[in-house]
Amino acid sequence: MDVAIAELNASNCKTYLLTCGSEAALVDPVRERVETYRAVLAQRRLHLAFVLETHMHADHLMLNRAARDALGAPVYMHDKSPSPLVDRHLADGDVLTLGGAAIRVLSTPGHTPDSLCFVTESAVLTGDTLLIGGSGRTDFPGGDAGAQFDAVTTRLFALPDATVVWPAHDYAGRTSSTIGSERADNRRFAGRTRDEYIALMASLGLPFPEKIQIALQVNQSGFEEAEVSFAAVSDVAALPQLTPADVAARLASPHPPVLLDVREPEEFTGELGHIRGSLLVPLDALEHRLPKLAGYVDRDIVVVCRAGARSASAGAILRRAGLQRVWNLQGGMLEWLADHRAVEH
Ligand SMILES: [Fe+2]
């Protein structure tokens with residue numbers, strides 16, 4: 001059994017409808033188009049089984065709670081996704097079933113740490129990992145050109161030549177390609193070593209538009225635009241990071257930092273738990289709590305979230321509010337746990 005794949009948006013940001021029998025999945029839906037998706041599903045009498053996101057997007061608004069509820073299906077994302085609106089976290093090698101057909105999950109970090117590709121019997125949805133004749137930029141926070149080169153050349157290019165490539169973007173109106181033609185002709189990769197690829201990606205000098213930070217912050221936090229106060233992307237990128245070992249050492253020192261956890265209350269007490277002594281201030285409440293937090297002006301503050309993205313935005317907001325001694329826990333609670341550090345629930 002194979003999955004049928006159709007493109008829905010006919011624009012730069014692509015959404016795909018996957019179907020097998022009467023079961024359907026949406027890949028990378030765009031929030032503004034939810035009613036269109038609902039109409040398509042209803043007209044074709046399809047049951048939406050799940051929504052897949054190839055990664056945390058920076059160029060469109062992803063589903064918020066209302067849109068997810070309107071579609072009535074769970075959202076699946078990479079285990080490293082910073083979003084609080086994920087119903088199931090996926091890992092490399094997971095196999096999903098859609099109407100009897102298998103969809104294999106590949107972890108392909110590089111464009112973002114949470115980039116996934118989805119492999120069906122005859123095709124692969126490549127997100128922003130592999131584009132037609134190109135690849136997704138790797139200069140956003142968490143981007144890694146070397147990891148992307150490895151993912152494309154050792155994972156994607158290992159798929160059969162005839163595998164159809166469906167990317168998350170195309171800026172020239174193209175729809176699909178194949179693994180065989182990308183392996184032969186993609187000028188980012190063909191004939192290039194890993195080091196040459198890293199140098200090429202570092203030399204692209206792509207503009208870093210401020211509005212990207214708005215989309216990222218809304219997508220990362222799960223809140224509405226009006227609810228979030230925005231940090232400048234340059235401030236987020238400049239926020240110093242501490243590893244879990246750095247944070248643990250500082251906590252054991254005579255002047256421990258204040259730990260500020262900016263996740264949702266259900267995440268704070270959920271499966272990942274929290275670091276002992278953390279102060280919970282969800283990102284959407286940060287603005288209101290700034291007057292109280294001003295009392296910590298003489299303390300070191302370490303901001304914490306699930307994967308280190310929401311907290312980077314929070315840290316930039318704190319710095320803008322005049323708190324200068326702010327650090328980000330790199331990789332968030334996921335990294336803290338991967339480092340075998342203690343948590344409370
Ligand atoms: Fe992207």
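Is D28 buried or exposed? Select D28 and look. At 2% relative accessibility, D28 counts as buried. Keep in mind throughout that this is a predicted model.

**Stop 1**

D28 sits in the loop between β3 and α1. Check its backbone. The phi of D28 is positive, about 55 degrees, although D28 is not a glycine. Most residues other than glycine have a negative phi.

Now select H57. You will find H57 in the loop between β4 and α2. H57 is buried too, with a relative accessible area of 1%. Leaving out residues up to four places away in sequence, H57 touches D28, M62, A215, L216 and N219. Show those side chains together with H57.

**Stop 2: the iron ion**

Next, select the iron ion. Which residues coordinate the iron ion? They are H55 through NE2, H111 through NE2 and D128 through OD, at 2.1 to 2.3 Å. Along the sequence, the donors follow the spacing H-x55-H-x16-D. H55 belongs to the loop between β4 (47–52) and α2 (65–71), and H111 to the loop between β8 (101–107) and β9 (116–119), so the pair ties together parts that are 56 residues apart in sequence.

Colour the two histidines by accessibility. H55 is buried, at a relative accessible area of 1%. H111 is buried as well, at 5%.

**Stop 3: helix α1**

Select residues 34–43, which form helix α1. Which residues of α1 are buried? They are V34, Y37 and L41. These residues cover an arc of only 60 degrees around the axis, which puts them on the same side of α1. An α-helix has 3.6 residues a turn, so residues three or four places apart point the same way.

Show what lies over that side. The cover on the buried residues of α1 includes β2 (16–20), β3 (23–27), β4 and α2.

Then step past the end of the helix. R45 follows α1 and lies in the loop between α1 and β4. R45 has a positive phi of about 50 degrees, although R45 is not a glycine. With a relative accessible area of 73%, R45 is exposed.

**Stop 4: the largest cavity**

Rolling a probe the size of a water molecule over the atoms shows where empty space is left. How many cavities of 30 Å³ or more are there? The count comes to 1. The largest cavity holds about 80 Å³ of space.

To find the largest cavity, select its lining: E53, M62, L63, N64, R68, V75, M77, S83, L85, V86 and N219. M62 and N219 are also among the residues that H57 touches.

**Stop 5: the largest pocket**

Finish at the largest pocket, with about 700 Å³ of space. Its lining has 33 residues.

α6 (210–221), α7 (233–238), α11 (310–320) and α12 (332–338) each supply at least two residues of the lining. Which of them gives the most? That is α6, with 3 residues. Colour the lining by class to end the tour: 16 residues are nonpolar, 13 polar and 4 charged.

Conventions. Residues are numbered from 1 along each chain as its sequence is written. This is a predicted model: local features need pLDDT of at least 70, side-chain atom pairs count only at pLDDT 80 or more; totals for chains, interfaces and linings use all residues. Side-chain values use heavy atoms; hydrogens and water are left out. On a 1 Å grid over the protein atoms alone, a cavity is a set of points where a 1.4 Å probe fits but cannot get out, and a pocket is an open set with protein on both sides within 12 Å along at least five of seven lines; lining residues have an atom within 4 Å of a point. Grid points are joined across faces, edges and corners, and a volume is the space filled by probe spheres set on the points. Helices (H or I, at least four residues) and strands (E, at least two) are DSSP runs, numbered from the N terminus. Ala, Val, Leu, Ile, Met, Phe, Trp, Tyr, Cys and Pro count as nonpolar, Asp, Glu, Lys and Arg as charged, and the others, Gly among them, as polar. Donors are N, O and S atoms within 2.8 Å of the metal (3.2 Å for Na, K and Ca); water is not among the atoms, so sites may look incomplete. Buried means under 20% relative accessible area, exposed over 50%, partly exposed in between (1.4 Å probe, protein chains only). The arc is that of the directions from the helix axis to the C-beta atoms. Contact means heavy atoms within 4.5 Å.
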